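Below are my notes on the model you sent. They are set out as numbered points, to be read beside the structure.

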Amino acid sequence: VRMLQPTSKPQTDLWVLPQRHIYLSERLVAQANDEVLMVLLAHGIAHHELHHHLKRSVVQRIEYIAFLVGGMFVPGLGFGWFLASPATERLMSSQQEFTADAMTVTYLQHLHVSPEDYIRVLEFLKDHELTERTGVVFTTQKGFTIRIAALRARR
């Protein structure tokens with residue numbers, strides 16, 4: 001775990017990177033208590049254990065090759081990858097958040113932390129306008145609201 005100085009817009013407060021790193025911003029660390037930080041680390045570990053970055057990378061490479069090959073037969077099709085790649089990233093990332101949430105709940109149950117406590121942490125992130133970043137996708141207030149609703153629906 002390393003603390004990251006904010007350098008990008010929107011500010012990234014929790015950043016799960018493919019090098020198996022989890023970054024926390026100073027802003028997040030200053031506002032969060034130990035329980036919140038523990039829960040967020042569990043969530044970042046869930047992303048890594050589920051190999052989310054690797055899966056997105058493989059899909060993007062296959063997609064790139066498909067457009068490149070298609071461009072050999074249909075002029076200009078190779079450039080379609082520039083449009084398709086961000087859409088694929090967003091679609092995969094949103095689904096991966098739900099699976100990481102489910103694994104996080106499992107991890108936390110072993111630590112005797114309830115799913116409701118995890119929901120409270122997501123509400124904390126939403127209420128303090130903090131962001132999570134996995135790959136190139138940011139989770140902000142709207143994304144946290146959707147994830148909270150999904151977790152409540154599972155109970």
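**Notes on the predicted model**

1. His112 is found in the loop between α4 and α5. Most residues other than glycine have a negative phi. His112 is not a glycine, yet its phi is positive, at about 60°. With a relative accessibility of 75%, His112 counts as exposed, because the cut-off for that class is over 50%.

2. Arg20 sits in the loop that joins β2 (14–17) to β3 (21–25).

3. Next, the helix pairs. Two packed helices are described by the angle between their axes and the distance between the axes. For α3 and helix α4 (residues 81–110), the axes come within 10 Å and cross at roughly 155°. The two helices, α3 and α4, are therefore roughly antiparallel to each other, since an angle over 145 degrees is counted that way. The crossing in which α3 passes α4 is right-handed.

4. The other pair is helix α5 (residues 115–127) with helix α6 (residues 141–154), whose axes come within 9 Å and cross at roughly 165°. So α5 and α6 are likewise roughly antiparallel to each other. Here the handedness is left-handed, as α5 passes α6.

5. Which residue forms a salt bridge with Glu123? The partner is Arg152, and the closest N and O atoms of the two are 2.6 Å apart. Glu123 lies in helix α5 and Arg152 in helix α6, so this pair ties together parts that are 29 residues apart in sequence. Both side chains are given as partly exposed: Glu123 because its relative accessibility is 21%, and Arg152 because its value is 35%.

6. The salt bridge count for the model comes to 9. Side chains of opposite charge can pair when their charged atoms come close. Arg147 pairs with Glu97, with the closest N and O atoms 3.2 Å apart. Arg147 belongs to helix α6 and Glu97 to helix α4, so the bridge ties together parts that are 50 residues apart in sequence. Arg147 and Glu97 are both buried.

7. Arg147 also has a salt bridge with Asp101, where the closest N and O atoms are 2.7 Å apart. This pair again links distant parts of the chain, with Asp101 in helix α4 and Arg147 in helix α6, 46 residues apart. Asp101 is buried, as is Arg147. Glu97, Asp101, Glu132 and Arg147 are linked in a network of salt bridges.

8. Tyr64 lies in helix α3 (residues 52–73). Why does Tyr64 count as partly exposed? The reason is its relative accessibility of 40%, a value between the cut-offs of 20% and 50%.

9. A last point concerns Leu41, which is placed in helix α2 (residues 34–49). Leu41 is partly exposed, with a relative accessible area of 25%. Leu41 and Tyr23 are 18 residues apart in sequence, and their C-alpha atoms are 9.3 Å apart in space.

Notes:
Residues numbered from 1 in each chain as written. Predicted model: local features only at pLDDT ≥ 70, side-chain atom pairs only at ≥ 80, totals over all residues. Heavy atoms only, no water. Helix = DSSP H or I, 4+ residues; strand = E, 2+ residues; numbered from the N terminus. Buried < 20%, exposed > 50% of the residue type's maximum accessible area, 1.4 Å probe, protein only. Axes fitted to C-alpha atoms, helices over the stretch in contact; angles between N-to-C directions. Parallel < 35°, antiparallel > 145°, perpendicular 65-115°, else oblique. Left-handed = near helix turned anticlockwise from the far one by under 90°. Salt bridge = Lys/Arg side-chain N within 4 Å of Asp/Glu carboxyl O.
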